[in-house]
Amino acid sequence: MHADLPGRPAADPKRTGLRATPTRFEPEDGLFPEYAEPGAFQVRGGENGTYLLLACPGCGRVSGMTVGDPKPVSSPSWRMTGPAEAPTLSPSVNCIGCCGWHGHLVGGVFTSC
């Protein structure tokens with residue numbers, strides 16, 4: 001977790017009511033930064049499908065998710081609907097490998113389980 005990094009908010013695995021923020025992640029030593037503002041996201045298309053880069057709502061760790069409408073057959077994947085600036089994902093998002101935030105993104109707002 002990055003709670004000890006200067007300028008970063010403390011991790012909160014139960015953070016709720018956070019609005020998803022469309023952004024453009026600037027690459028660091030790879031495809032995307034390791035951390036960003038919690039709830040920041042970017043949709044990227046590629047030859048293998050559509051991906052959602054998402055900064056965990058609890059701690060800001062960035063990871064990629066396979067998304068589409070309908071839900072892609074590959075696993076794990078999520079159905080993404082709604083306007084690009086306020087998406088809805090299903091099923092729920094379970095951030096593994098960071099703070100453990102688990103919840104839903106509906107209409108661009110994260111709600112913790």
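Ala, Val, Leu, Ile, Met, Phe, Trp, Tyr, Cys and Pro count as nonpolar, Asp, Glu, Lys and Arg as charged, and the others, Gly among them, as polar. The model is predicted, so local features need pLDDT of at least 70 and side-chain atom pairs pLDDT 80 or more, while totals for chains, interfaces and linings use all residues. Residues are numbered from 1 along each chain as its sequence is written, and side-chain values use heavy atoms, without hydrogens and water.

**Exercise 1.** Describe the lining of the largest pocket by class and by strand.

*Solution.* 
1. A pocket is an open set of points on a 1 Å grid over the protein atoms alone where a 1.4 Å probe fits, with protein on both sides within 12 Å along at least five of seven lines; lining residues have an atom within 4 Å of a point.
2. The lining has 17 residues, and Ser 63, Met 65, Asn 94, Cys 95 and Ile 96 lie nearest the centre.
3. By class, 11 are nonpolar, five polar and one charged.
4. Strands (E, DSSP runs of at least two residues, numbered from the N terminus) E4 (49-55), E5 (62-68) and E8 (93-94) each supply at least two lining residues.
5. E5 gives the largest share, five residues.

Definitions and conventions. Helices (H or I, at least four residues) and strands (E, at least two) are DSSP runs, numbered from the N terminus.
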